[in-house]
Amino acid sequence: MQALLAAIVDSSDDAIVSKSLDGIILSWNAAAERIFGYPAAEAVGRSIHLIIPPERRGEEEEILRKLRRGQRIEHLETVRVRKDGRRVHVSLTVSPVRDASGRIVGASKVARDVTEQRRAHRALEDSEQRLRLALDAGRMGTWEWYLPTNTVTWSPGLEAIHGLAPGTFPGTFDAYQGDIHPDDRASVQRSIQETLAGGEHHLEYRIVWPDGSEHWVEGRGKLFHDEDEKPLRMIGVCTEITERKRYERELQEADRRKDEFLATLAHELRNPLAPIRNALEIMKRAEDQPALVLRARDTMERQVSLMERLIDDLLDLSRISRNKLALRRQRVELASAVHHAVEASRPLAERMGHEVVVQLPAEPVHVSGDPARLVQVFSNLLNNACKYTPPGGRVRLEAQRQGQEVVVAVEDNGVGIPAEVLPQIFEMFVQADRSLERQGGLGIGLTLVRQLVELHGGRVEARSEGPGKGSTFRVALPVEAGIPEVVAAPGPALPIASSPRRILVVDDNQDGAESLCLLLKLAGHETALAFDGVDALETAERFRPDLVLLDLGLPGLNGYEVCRRLRAQPWGKGMTVVALTGWGQEADRRRSEDAGFDGHLVKPMDLKALAALLASLPSTREVR
């Protein structure tokens, strides 16, 4: 029997050690050698402190005291030290040993190495902690539905997603169903039934919090079966996606507005082309009727102005969004800006049969700003009022000095603005009325108004009592005190030249090139034409112009290469070469400058800018 017991002790995977009541090791099995690294010959006869860390020796004294009282210590998890210094986590069971008379004479200790178990447990805890962090960060919660008892268990994260305090979910399937939005319950139940039939649950739906607010969740679930392949439980995860759904709606709305904008842009660009084409045909057929020709010309001028304004608005928005729009500030009398805006809007008002009333302060009011941009602000508001007021309506512009501000209000008795549209009325592409019979433009006019007003240090707001009750737009600008500056009245756009120039116009658009040459000739200049890059170089060498107005997108050699080759010639080094193009972004201007151009004009060319350019040329040029 003794031999059998010794064999059992020797073959045990646990360290089995006996010791005296004063802590001297009496026996040491093979597992103790393996766990603690000491051979039995080195351990037996020494104090048990051999394997106890210094900070835990008080723990050993307490164990010995309990043993002397006959107490048994079970499953005490503690730390011991190996011979090589490494620490080992062990689970101890220590029992008192009695002699034949029942007297306690020593202790038997069984030590199980639980280092790997503790490491695995710690790894599991870390993994669970990471999972909890991930679930919390992702606004996610887990759930389990145990089918035999119809009980549902939610994690605290899922309770939070449903607007519940931790531990307050009743734990039933009916309670879960009660949280689902009534309009979505049928689809959720259908998805769960499909999952029970062998599929997987994946659905987006709404829930209703106790406070009545609606929230979106994405639910995923999977079914598990028992040993008999019967449905046992379903587990899953829910993610709070309210913000995502809001972003999706905003993106869908932005995409819808973009599509409407593109369709409206095509409409707005095509609209002026019809009267322009008709006017051209009239001018062909009525050459001997000056009155008709004059009316046709006036029509063309109006329609070209409309197209130019449309394109300018688009470019202005682009410049503002990139902080590239510079205001040409000066002291501006408010009445002057208002009168110019009223004149610009008068044709539309007259066509619609509107009465336009203007009321200004008796005393002059001055603001610091860009006169052209201020006119643009007020005319946009007036045009907007005219477009959205049925024929025969009334549009009123009133300006009042209020402390250090002047407030300009544009009021109409038109279609009004719905309450749901009012908060977004200044956003890009928003239009209060999209009906075909009242085309409201591109939906960028009010956006431009707000941004221009804010660039002037002011603010703008919209008010309306609702559909059919008109609307009012109020612009507040800071007033500037002091003596007004006197601004000289502008002269003609392209005056007769006192110093005629030789000008080469290069453009593959033959109509554009020929009409520009005709204007220059009427102003007293000598001109030459070229329609491609090669022709431009040959003409320039023969004509030796003072100024070259050079298109960039030419067939064969483009404008950049033509400029480089001109600069490579002795006679072209001092020649003034200016880009004339439809490309007007900052990057386009930098590229033309890098190619050697002296300036960059954007089509349709501002004749005042051309006049200023001609006036800036040296009085004499040695280019021939």
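1. A quick convention before we start: a residue is called buried under 20% relative accessible area, exposed over 50%, and partly exposed in between, with a 1.4 Å probe and protein chains only. Helices (H or I, at least four residues) and strands (E, at least two) are DSSP runs, numbered from the N terminus. By that reading, L446, T447, L448, V449, Q451, L452 and V453 of helix 13 are buried.

2. Please keep in mind that this is a predicted model, where local features need pLDDT of at least 70 and side-chain atom pairs count only at pLDDT 80 or more, while totals for chains, interfaces and linings use all residues. Residues are numbered from 1 along each chain as its sequence is written, and side-chain values use heavy atoms, with hydrogens and water left out.

3. Let me stay with helix 13 (residues 445-455), which holds V449. V449 counts as buried because its relative accessibility is 1%. Contact here means heavy atoms within 4.5 Å; leaving aside neighbours within four places in sequence, V449 is in contact with V377, N380, L381 and V460. After helix 13 comes G457, with a positive phi near 80°.

4. Next, the sheet. Strands pair if DSSP finds at least two bridges between them. Five strands form an open, mixed sheet in the order 12-14-15-17-16. Strand 12 (355-359) and strand 16 (459-463) stand at the edges with a single partner strand each, so one side of each has no neighbour in the sheet. On average, neighbouring strands are turned by 15° against each other, direction ignored. Strands 16 and 17 (residues 471-478) run antiparallel and are joined by five bridges; A462 has F473 in strand 17 as its bridge partner.

5. Helix 11 (residues 334-352) packs on this sheet, touching strand 12, strand 14 (394-402) and strand 15 (405-412), and its direction makes about 180° with that of strand 12. For such angles, axes are lines fitted to C-alpha atoms, for helices over the stretch in contact, and the values run from 0 to 180 degrees between N-to-C directions.

6. A528 in strand 19 (residues 526-530) is also worth a look. A528 counts as buried because its relative accessibility is 13%. Not counting residues up to four places away in sequence, A528 touches I503, L504, V505, C517, T539 and F543. From A528 to F543, 15 residues apart along the chain, the C-alpha separation is 7.5 Å.

7. On to charges: a salt bridge is a side-chain nitrogen of Lys or Arg within 4 Å of a carboxyl oxygen of Asp or Glu. The count by this rule is 35. K19 and E60 form one with an N to O distance of 2.4 Å, linking strand 1 (residues 15-20) to helix 4 (residues 57-68) across 41 residues. K19 and E60 are both buried. D184 and R206 form another at 3.0 Å, N to O, and these two are buried as well.

8. A further salt bridge joins E561 and R564, whose closest N and O atoms are 3.7 Å apart. These two are separated by about one helical turn because they are three residues apart in helix 16 (residues 559-568). E561 is partly exposed at 27% relative accessible area, and R564 is partly exposed at 42%. Elsewhere, salt bridges with shared partners join E204, E218, R220, R244, K245 and E248 into one network.
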